Amino acid sequence: MIEPVARPHATLVELLDRVLDRGVVINADIIISLAGVPLIGVNLRAALAGMETMVKYGVMKEWDQRIRCQTLESKKTPEGSVSAKEEVPIATGRDVSRAKDQG
Amino acid sequence: MKQGSETQRESAARTSSGSEQAGCYVYCVARAGEQGSLGAIGIEGHEAYTVPHKGLCAVIHDCPARPYESTDPEVAGVWVLAHHRVVEAAWKRWGNVLPLTFNTIIAATEKSAEENLVAWLETEYDSLNGRFDTLAGKSEYVVQVSWDAAVITGTVAKASPEIRKLEEEIGSKPRGLAYMYRQKLGKLLKKEIEAKAEKEFKALYDTISRCVDNIHVEKTKEDQEGRQMLMNLSCLVSTERYPDMEAELAKLGNTEGYFVRLAGPLPPYSFC
């Protein structure tokens, strides 16, 4: 079974995981926080957990596509650019096996 | 550089509390001394602009000093993606970036929010520069390896004399006994597959870590039907080493029963 390694986009959930849980954290009094701990509101976290589930079960497909279109529109790079700084539009990941199925 | 139109969130904030403490939402820090705007691409269409300090700059937007909160996943999702969009725009423009975690908002105290931000950049100056040095020319990639459950089960069954023997014996057993044998076979298969997964994981991890600069093991996610995710990694890879990693993953992708997914490049969210 020969499959090329594709270069798919990061999925919505992968981006959420990173934007919410990673990145530099400022530990100083100047940072606003809720009860001193979470920078991300409890409500927001719960809402997004719900969204991950919805994305997973396809409920958010239309929304996901709309956001993806918006993101793509906001970027005007020529198609097929594969530099190290290439675009990572928000898209549902297309993996190598699916690429194979289509071919 | 205040956004002209007032957003719903801000107007609501203002009505409820009268005059509100000012703040700035920080998206990322870039190693560039530039003062300027990335355009109205921020959360809720805010203008994202830079605050420079000694060769570094923070990308921010002005906002009230209160966190972004919503129970509406669509609203929250759009915020998070806007955060990513700004980080990515800065990354493309300057080639390096340290993303801040979502909802990092610096408040005004006796000083303005911007002055507090500059004071933070000054305090963390060496530490931030150190991180920029470490991350120079490197990007984050999602690397996921999955198994085709059927192929792996077959391989494991073939490789185990114990399982083969059980399979042969089942055919000659009466129905009741065959059922018990099947149960036993199932358990044995599960054990063998788990042992193989552990072994494979270690070998794959070693191979991949040899061609990347840094690596984080993430929780495996549920894969599509018939597949089981064996490993989910965040890898930090330099432009020079990228071809090595890609070649290694291609090799693995060519192995029967394995599926490899490589996504990126992304700004180094997991490594800063």
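Two strands pair if DSSP finds at least two bridges between them. Helices (H or I, at least four residues) and strands (E, at least two) are DSSP runs, numbered from the N terminus. By that rule, S8(B) and strand S9 (residues 227-238) of chain B pair in the antiparallel sense over 5 bridges. Val217(B) stands opposite Leu233(B) in S9(B).

This is a predicted model, in which local features need pLDDT of at least 70, side-chain atom pairs count only at pLDDT 80 or more, and totals for chains, interfaces and linings use all residues. Residues are numbered from 1 along each chain as its sequence is written, while chains are lettered from A and ligands numbered from 1 in the order in which they are written.

**The sheet of chain B**

S8 and S9 belong to an open sheet of 4 strands, ordered S8-S9-S7-S10 in chain B, with antiparallel pairing. Its edge strands, S8 and S10, each pair on one side only. Neighbouring strands are turned by 20° against each other on average, direction ignored. Axes are lines fitted to C-alpha atoms, for helices over the stretch in contact, and angles run from 0 to 180 degrees between N-to-C directions.

| Strand of chain B | Residues |
|---|---|
| S7 | 138-148 |
| S8 | 214-218 |
| S9 | 227-238 |
| S10 | 258-266 |

**Helix H5**

H5(B) lies across S7 and S9 of chain B, running at about 60° to S7(B). Helix H5 (residues 149-159) also packs with helix H7 (residues 175-210) of chain B, at an angle of about 100° and with the axes 10 Å apart. H5(B) is therefore roughly perpendicular to H7(B) (65 to 115 degrees).

Which residues of H5(B) meet H7(B)? They are Ile152(B), Thr153(B), Val156(B) and Ala157(B), facing Leu189(B), Glu192(B), Ile193(B) and Lys196(B). Contact requires C-beta atoms, placed from the backbone, within 7 Å.

**Domains of chain B**

Chain B is divided into domain 1 (8-135) and domain 2 (138-271), with bounds from an automatic or database domain assignment. Their C-alpha centres lie 40 Å apart. The contact takes 6 residues from domain 1 and 5 residues from domain 2. On the domain 1 side, helix H2 (residues 73-94) of chain B gives the largest share, 3 residues.

**Chain A**

Chain A has 4 helices and 0 strands.

Conventions:
Two residues are in contact if their C-beta atoms, placed from the backbone, lie within 7 Å. Angles under 35 degrees count as roughly parallel, over 145 as roughly antiparallel, 65 to 115 as roughly perpendicular and the rest as oblique.
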